[in-house]
Structure formats: structure tokens, C-alpha cells
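Work through the exercises below on aromatic rings and their neighbours. Try each task before reading its solution.

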Amino acid sequence: MSPHLKTPEEIAIMREAGRIVARAHQAMRQAVRPGVTTGELNKIAETVLRDHGATPAFLGYPKPDSPNFPASICASVNNELVHGIPGPRVLKDGDIISIDIGSIYKGFVGDSAWTYAVGEIKASVQRLLDVTEQSLFVGIKASVLPNETRDVSSAIQDFVERQGYSVVREYTGHGVGRNMHEEPQVPNWWPNKRRQRGWVSHKLQVGMTYALEPMVNVGRPDTRELNDKWTVVTADGSLCAHFEHTIAITEGEPIILTLP
Ligand code: MG
Ligand code: MG
């Protein structure tokens with residue numbers, strides 16, 4: 001299936017959806033501290049989304065053979081990579097937490113994730129966060145004509161692996177629009193065989209909108225899912241980070257839609 005290209009009017013609405021997500025992240029940056037629970041963070045983020053006229057894209061999100069996602073944010077702590085369910089867990093000094101937030105505004109989705117330090121973290125952990133954030137911007141920089149999505153994927157992978165970390169294979173960036181997950185799929189690595197796992201490299205086109213979301217592990221790239229059928233952790237228990245923006249492809253530099 002070819003990606004749905006957005007009109008400038010649609011991209012303007014997506015910019016609003018993204019701005020609301022960014023506002024919720026600003027609130028997270030303020031609220032993340034030792035002693036807060038992930039459930040409290042969820043409540044704060046949901047309030048920001050709703051106060052701006054958006055609905056949480058993740059709440060009730062369906063997945064085959066799983067209960068619908070029960071919260072408005074994903075809150076994944078330390079060795080949890082993505083899809084952590086917020087609840088009574090209390091954050092401690094030295095933890096890291098990856099918070100993923102999606103909004104739906106006037107029928108369009110904004111999607112952005114960020115890994116935050118809780119209190120004081122070790123320099124080695126800060127480096128993981130810095131490299132993962134930088135890899136997101138490496139991917140954004142590569143998101144220009146006449147590149148293909150695999151050029152974006154390879155740029156992210158090369159950068160991360162040169163820094164001595166690994167990129168997760170199973171979860172990928174994705175087109176965003178009226179749906180949270182559309183074409184094109186944008187992995188954070190590119191296998192040698194082009195069509196491995198059914199991945200197709202798409203030529204970038206003006207009006208393409210996608211979320212780039214590198215997920216980086218200190219240890220091996222492998223992950224596994226917990227019994228709650230949602231939370232994904234690193235298989236070897238190593239720390240991991242996750243940074244994500246939704247962007248729009250233009251004739252020149254891409255537009256980051258999920259900024260304040
Ligand atoms: Mg996300
Ligand atoms: Mg996403």
C-alpha cells in the first residue's frame with residue numbers, strides 16, 4: 001500500500017495535534033521526579049490533552065490477543081522499552097522513564113516519545129539518552145528528498161552502532177495521519193536483504209508524514225513482552241531509551257510536527 005500524502009491543510013491540523021502532544025511532554029518534564037507514580041503522570045498528561053481539545057490516542061488502543069491499552073500514556077521504566085502501563089509504580093532517584101504520548105485532534109494523530117531522567121542519573125546513562133536523542137535527529141536530517149525510507153533507517157542504525165549501542169528490530173517508526181499507524185513503516189535499521197520481514201523501502205515524497213522513533217539498548221537488541229501483554233522489556237535486562245517525533249516531508253528540511 002502506498003503512503004497517504006497529506007495536503008498542506010491536513011499538515012496544519014497535524015501540527016496542532018503535535019503541538020498538544022508537545023505540551024503534554026512539557027508537563028511530563030516538570031512532573032517527572034523521585035516519588036511520583038507513573039499513574040500520576042498518566043493523569044497529568046491526559047488532562048493536558050483533553051484541556052486542549054484532543055483525545056488520547058493510546059487509550060483503548062486495540063491489539064490482537066491483548067486487552068485494549070488501558071491508559072493515555074505509555075510509561076516504561078529502566079529496562080522497559082515501550083508500551084509500559086502506568087500505575088502505582090513509584091519513580092526513584094536514578095531511574096529513567098520513557099513516556100510515549102499520542103493525541104487525536106480534529107481527526108489527526110500526533111505521536112511523540114521522550115526518555116526522562118528521574119533525579120540524578122549516572123553519566124553512562126545520560127550518554128544513552130543523548131545518543132538516542134541524537135539518533136532521532138540523524139533520522140530527521142536524512143528525511144529529505146530524494147532519499148528513501150531505508151536511507152533514514154540505515155542512518156539511524158549506523159549512528160547508534162558506531163556509539164556502541166544496539167537498535168531494536170521488532171518495533172519501528174510508522175506513517176501517521178488519520179490513523180496512528182499507517183504506511184510507510186520506517187525501521188531503525190535496514191536488513192541486508194531488502195524485503196526481509198516484508199519491509200519495503202519507500203521513496204520520500206512531499207506530504208508524507210511519519211513518526212521516527214529510534215529505540216536503543218545498551219545491550220543486545222532483543223526484546224520480550226511481559227505477561228500483561230503490553231510491556232516490552234529488553235531481553236537481557238539492559239537499559240534502553242526511546243525518542244520520537246512526528247515529521248512531515250517537504251521540498252526542503254522536514255517539519256517537526258510534535259514541537260510546542
Ligand atoms: Mg509514540
Ligand atoms: Mg509511534
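The exercises cover ring pairs, then charges over rings.

This is a predicted model, where local features need pLDDT of at least 70, side-chain atom pairs count only at pLDDT 80 or more, and totals for chains, interfaces and linings use all residues. Residues are numbered from 1 along each chain as its sequence is written, chains are lettered from A and ligands numbered from 1 in the order written, and side-chain values use heavy atoms, without hydrogens and water.

**Exercise 1.** Count the aromatic pairs and classify the pair of Phe69 and Trp230.

*Solution.* 
- Apply the rule: rings of Phe, Tyr and Trp (its six-membered ring) pair if their centres lie within 6.5 Å; planes under 30 degrees apart are stacked, over 60 edge-to-face, the rest tilted.
- The count is two aromatic pairs.
- The centres of Phe69 and Trp230 are 5.1 Å apart and the planes stand at 80°, so this pair is edge-to-face.
- Phe69 is in the loop between strand E1 (55-56) and strand E2 (73-77), and Trp230 in the loop between strand E11 (223-225) and strand E12 (232-234), so the pair ties together parts 161 residues apart in sequence. Strands are DSSP runs of E, at least two residues, numbered from the N terminus.
- Phe69 has a relative accessible area of 2% and is buried (under 20%, 1.4 Å probe, protein chains only).
- Trp230, at 5%, is buried.

**Exercise 2.** Find which charged ends sit over the rings of Trp230 and Trp189.

*Solution.* 
- Over Trp230 sits Lys63, 4.5 Å from the ring centre.
- Over Trp189 sits Arg169, at 4.2 Å.

How values were computed:
Helix = DSSP H or I, 4+ residues; strand = E, 2+ residues; numbered from the N terminus. Buried < 20%, exposed > 50% of the residue type's maximum accessible area, 1.4 Å probe, protein only. Lys NZ or Arg CZ within 6 Å of the ring centre and 35° of its normal.
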